[in-house]
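Me: I would like to go through this model with you, starting with one residue and its surroundings. Could you take my questions as they come?

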Amino acid sequence: MDVILDVCDRHLLTPYVYSTSWQEDDILRQFISLFFITVIGGTLVYIIPATFSYFFIFDHKLKEHPLFLKNQVRREIIYTLNSVPFMAFITTFLFVLEVRGYSKLHGNFTNNTLGYAGVAFSVVTFLLFTDMCIYWIHRWLHHKLIYKYIHKFHHMWKVPTPFASHAFHPIDGFLQSCPYHMYAFLFPLNKFVYLAMFVFVNFWTVSIHDGDYRVPPQLEPLVNGSAHHTDHHLFYNYNYGQFFTLWDRIGGSFRTPSAFEGKGPMVEVNRVLRERHENGKTGKKQTIVEKTTCNGHGYNLRTR
């Protein structure tokens, strides 16, 4: 994050915002700057990919699903934008520590015995380490003593859109982002790779909420994609992983996505559309919703 802070200081903050007497390395100034950078950056890496995904990837027929909420897209966006400043505030403390040199971030691409191969190795270990940590954090957030206070809000969206990707309670969002920071304090990592991975993680988070259930057949057993995560929203206690299915398999929480078995959300959507067509009136939509309980596919409709 020091790379972005340096650029902002040089081209904006020092010449136009702060008094010249306020030193760039002052910790309060760094905190204020990093907070606003995190709010703006966090909003952009949410709204840009989510908007693109919503208009060009997301299947809008899913909005006909009986569990899709009224004004859901608008509510997802508002919830996220209200949470971002609070998530940013907590996260800024970690960014300050990183900027002030307490992490193991470095600027040399060959600052290891493996050279560029070491950079590739750090990317792989970053994904594996964070996937493992997020699995257990996510699973802990589903504990009955925790769930209703923190993680329940993300499960309001049982059939999510890309805009639900960052719609977390602030503590929830912060906890699930902690492993990305933890890695930088535990293991050497190039600071540019670190920034690239943060962007990638945000794009990935959008992608597993985009309703596009296609995965290359060779990767279906390994990658935790949108089909897996949609089932997590519907069934609650399965597919906690972020990138891979490994820890769900180890932890006994893996569930083959219903979409892979021809039982995914589109089955309910097609049934609603078919019944609506048979009734010949769009005004009977509510009746159809009441009939279509989804229990035939095991959807958990409890009030949670």
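Me: Which residues does Tyr213 touch, not counting those up to four places away in sequence?
Reply: In this predicted model, Tyr213 touches Leu62, Ser226, Ala227, Thr230, Ala259, Phe260 and Pro265, with residues up to four places away in sequence left out.

Me: Where is Tyr213 found, and is Tyr213 buried or exposed?
Reply: Tyr213 lies in the loop between H6 and helix H7 (226-235). Its relative accessible area is 15%, so Tyr213 counts as buried, the limit being under 20%.

Me: And what separates the C-alpha atoms of Tyr213 and Gly264?
Reply: A distance of 9.2 Å separates the two C-alpha atoms, while Tyr213 and Gly264 are 51 residues apart along the chain.

Me: Turning to aromatic rings, how many aromatic pairs does the structure hold?
Reply: There are 29 aromatic pairs. One of them joins Phe35 and Phe89 in an edge-to-face arrangement, at 6.3 Å centre to centre and with 75 degrees between the planes. This pair links distant parts of the chain, since Phe35 belongs to helix H2 (residues 27-56) and Phe89 to helix H3 (residues 72-99), 54 residues apart.

Me: Are those two buried or exposed?
Reply: Phe35 is buried, with a relative accessible area of 18%. Phe89 has 41% relative accessibility and therefore counts as partly exposed, between the limits of 20% and 50%.

Me: What about Phe95 and Phe198?
Reply: Phe95 and Phe198 form a tilted aromatic pair, 6.2 Å centre to centre with 55 degrees between the planes. Phe95 is in helix H3 and Phe198 in helix H6 (residues 191-207), so this pair also links distant parts of the chain, 103 residues apart. Both residues are buried.

Me: Which aromatic cluster do they belong to?
Reply: Phe95 and Phe198 share one aromatic cluster with Phe126, Phe129, Tyr180, Tyr183, Phe187 and Tyr194.

Me: Which rings have the charged end of an arginine over them?
Reply: The charged end of Arg249 sits over the ring of Phe254, 3.9 Å from the ring centre. The charged end of Arg255 sits over the ring of Phe235, at 3.9 Å from the centre of that ring.

Me: On to helix packing: how do H1 and H2 cross?
Reply: The axes of helix H1 (residues 2-17) and H2 come within 11 Å and cross at roughly 100 degrees. That angle falls in the range of 65 to 115 degrees, so H1 and H2 are roughly perpendicular to each other. H1 contributes Ile4, Leu5, Cys8, Asp9, Leu13 and Thr14 to the contact, and H2 contributes Arg29, Gln30, Ser33, Leu34 and Ile37. By class, this contact has 6 nonpolar, 3 polar and 2 charged residues.

Me: And what is the angle for H1 and H6?
Reply: H1 and H6 pack at about 95 degrees, with their axes 9 Å apart. They are therefore roughly perpendicular to each other as well. Asp2, Val3 and Ile4 of H1 meet Lys191, Phe192 and Leu195 of H6. The residues of this contact divide into 4 nonpolar, no polar and 2 charged.

Me: Last topic, the backbone: what is phi for Asn71 and for Tyr236?
Reply: Phi of Asn71 is near 55 degrees, a positive value in a residue other than glycine. Tyr236 is not a glycine either, and its phi is positive at about 75 degrees.

Me: Where are they, and are they buried or exposed?
Reply: Asn71 is in the loop between H2 and H3 and is partly exposed, with a relative accessible area of 48%. Tyr236 is in the loop between H7 and helix H8 (246-251) and is buried, with a relative accessible area of 1%.

Key
Residues numbered from 1 in each chain as written. Predicted model: local features only at pLDDT ≥ 70, side-chain atom pairs only at ≥ 80, totals over all residues. Heavy atoms only, no water. Phe/Tyr/Trp six-rings, centres within 6.5 Å; stacked < 30°, edge-to-face > 60°. Helix = DSSP H or I, 4+ residues; strand = E, 2+ residues; numbered from the N terminus. Buried < 20%, exposed > 50% of the residue type's maximum accessible area, 1.4 Å probe, protein only. Lys NZ or Arg CZ within 6 Å of the ring centre and 35° of its normal. Contact = heavy atoms within 4.5 Å. Axes fitted to C-alpha atoms, helices over the stretch in contact; angles between N-to-C directions. Parallel < 35°, antiparallel > 145°, perpendicular 65-115°, else oblique. Nonpolar A, V, L, I, M, F, W, Y, C, P; charged D, E, K, R; others polar.
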